[in-house]
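Dear colleague,

Please find the structure below, together with its sequence.

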Amino acid sequence: MTRAAAPSAGFCSTVVSGWWLSFPISPEPFSWCCCSCYHRRRLLCWIMVCFRLFRVPDSGLVLFCLVLGAVSSYALELNLTDSEKATCLYAKWQMNFTIRYETTSKNYTTVSISDDGNATYNGSICGDHQNVSKISVQFGSGFSWIVNFTKEVSTYSIHSISFSYDTSDNTTFPDAKEKGLFTVNDIVAFGIPLNDIFRCNSLSTLEKNDVLQHYWDVHVQAFVQNGTVSTKEFLCDKDKSLTTVVPTTVPSPTTTPTPKEKPEVGSYSVNNTNGTCLLATMGLQLNITQDKVASVININPNTTDITGSCHSQTALLRLNSSNIKYLDFVFAVKNENRFYLKEVNISMYLVNGSVFSIANNNLTYWDAPLGSSYMCNKEQTVSVSQAFQINTFDLRVQPFNVVEGKYSTAKECSADFDLNFLIPVAVGVALGFLIIVVFMSYMIGRRKSRTGYQSV
């Protein structure tokens with residue numbers, strides 16, 4: 001495989017399902033086509049990384065290049081072709097990473113890998129005429145992620161997964177006590193029938209040596225036979241437990257959750273080497289719908305743990321408890337002068353023991369100028385998906401430019417503004433009406449007095 005080149009003006013050709021396709025390459029941050037093989041002249045490239053257009057709910061058509069996120073979650077889709085331009089490895093998945101490390105002050109902190117910069121795919125192989133294949137991705141400042149596959153007579157295996165990171169990068173790992181390259185290897189050795197595609201929509205977690213990896217919505221098939229991705233799915237155990245028989249009768253409507261009392265308001269903060277870098281005060285109420293059953297869950301701030309990270313363009317607030325693996329609020333800077341809530345990710349255990357996971361990195365809530373805080377005392381709803389919404393109460397948040405651990409001047413939400421505007425208007429109207437009543441009473445009383453004088 002040749003070295004990946006940066007996108008430039010022109011066209012990039014690739015193969016999807018046996019068809020040559022060309023996409024215009026744009027110099028904008030999100031190009032129409034990302035190729036692992038790009039040349040100014042028409043050369044033959046034996047292994048290509050191809051990407052497909054697919055629809056994301058409420059976001060229209062989106063073309064995703066292979067980009068790794070961490071707390072940020074990205075829908076990844078990879079198609080490797082062999083020397084005969086036939087698909088030999090297909091994968092589509094979502095994942096994120098969280099790394100815990102020790103600082104020079106002997107404290108421990110966590111960092112979430114959310115770099116969506118250029119990725120290279122050097123070392124990815126189909127395994128032509130061999131019993132091994134591999135997905136290899138390099139991204140960010142010294143990060144790499146590798147999945148190895150092996151093949152037997154009638155099965156193939158996801159043999160191992162490795163993740164490497166370099167704490168010498170002071171931007172990502174400020175004040176790290178130990179500098180150098182660290183690699184975490186996990187032996188998976190999970191067998192799959194040779195002609196099946198492996199599917200695991202449920203959340204899978206790998207945790208080792210202070211590195212937490214999450215994977216979900218996984219679809220992968222190595223050693224694809226005859227260039228055609230299989231439609232026969234081999235499910236992971238968690239997905240098997242969630243599989244139900246389709247009822248023959250008309251399904252009952254979604255049950256209405258029992259209304260819950262207003263959640264307790266909690267105060268949350270994230271610190272870095274410079275002190276407090278993120279502040280949030282809010283009551284949180286989760287609305288979840290799964291299998292036509294709706295439930296309402298109030299977050300108890302007294303039993304909730306807080307972690308997070310702050311960077312120049314992004315900030316993360318992560319909450320977790322006994323039943324919530326993580327509830328992430330990811331903030332971003334736009335136009336260099338405003339911030340907003342860009343992303344919400346959640347993974348938690350429901351009452352029935354199943355895992356509920358949702359991620360949306362295309363939100364536009366809680367918009368306010370940099371250097372200020374966002375405030376909304378009235379109840380607000382953050383709609384993450386059709387199955388998951390968050391109600392907030394007495395909200396105030398400032399993810400950037402916190403000074404001396406205190407909130408800056410607040411930008412109020414429109415609901416609070418309308419309320420604040422209506423109260424003085426209502427008071428003014430009431431006072432005006434009272435003045436009119438007093439004046440009319442005075443005039444009536446005066447007229448009666450004059451009438452009495454005349455009768456005398």
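The notes below describe the disulfides and their surroundings.

This is a predicted model, in which local features need pLDDT of at least 70, side-chain atom pairs count only at pLDDT 80 or more, and totals for chains, interfaces and linings use all residues. Residues are numbered from 1 along each chain as its sequence is written, and side-chain values use heavy atoms, with hydrogens and water left out.

A search of the whole structure gives four disulfides, a disulfide being a pair of cysteine sulfur atoms within 2.5 Å.

In the pair of cysteine 88 and cysteine 126, the sulfur atoms are 1.6 Å apart. Cysteine 88 belongs to strand E7 (residues 87–102), while cysteine 126 sits in the loop between strand E9 (119–120) and strand E10 (132–139), 38 residues apart. Helices (H or I, at least four residues) and strands (E, at least two) are DSSP runs, numbered from the N terminus. Cysteine 88 is buried at 6% relative accessibility, and cysteine 126 is buried at 5%; buried means under 20% relative accessible area, with a 1.4 Å probe and protein chains only.

Cysteine 200 is joined to cysteine 236 with an S to S distance of 2.2 Å. This link is right-handed, with 75° about the S-S bond, and both cysteine 200 and cysteine 236 are buried.

Cysteine 277 and cysteine 310 also form a disulfide, with sulfur atoms 2.0 Å apart. Cysteine 277 lies in strand E19 (residues 275–290) and cysteine 310 in strand E21 (residues 305–310), 33 residues apart. Cysteine 277 is buried at 9% relative accessibility, as is cysteine 310 at 19% relative accessible area.

With kind regards

Note on methods: Buried means under 20% relative accessible area, exposed over 50%, partly exposed in between (1.4 Å probe, protein chains only).
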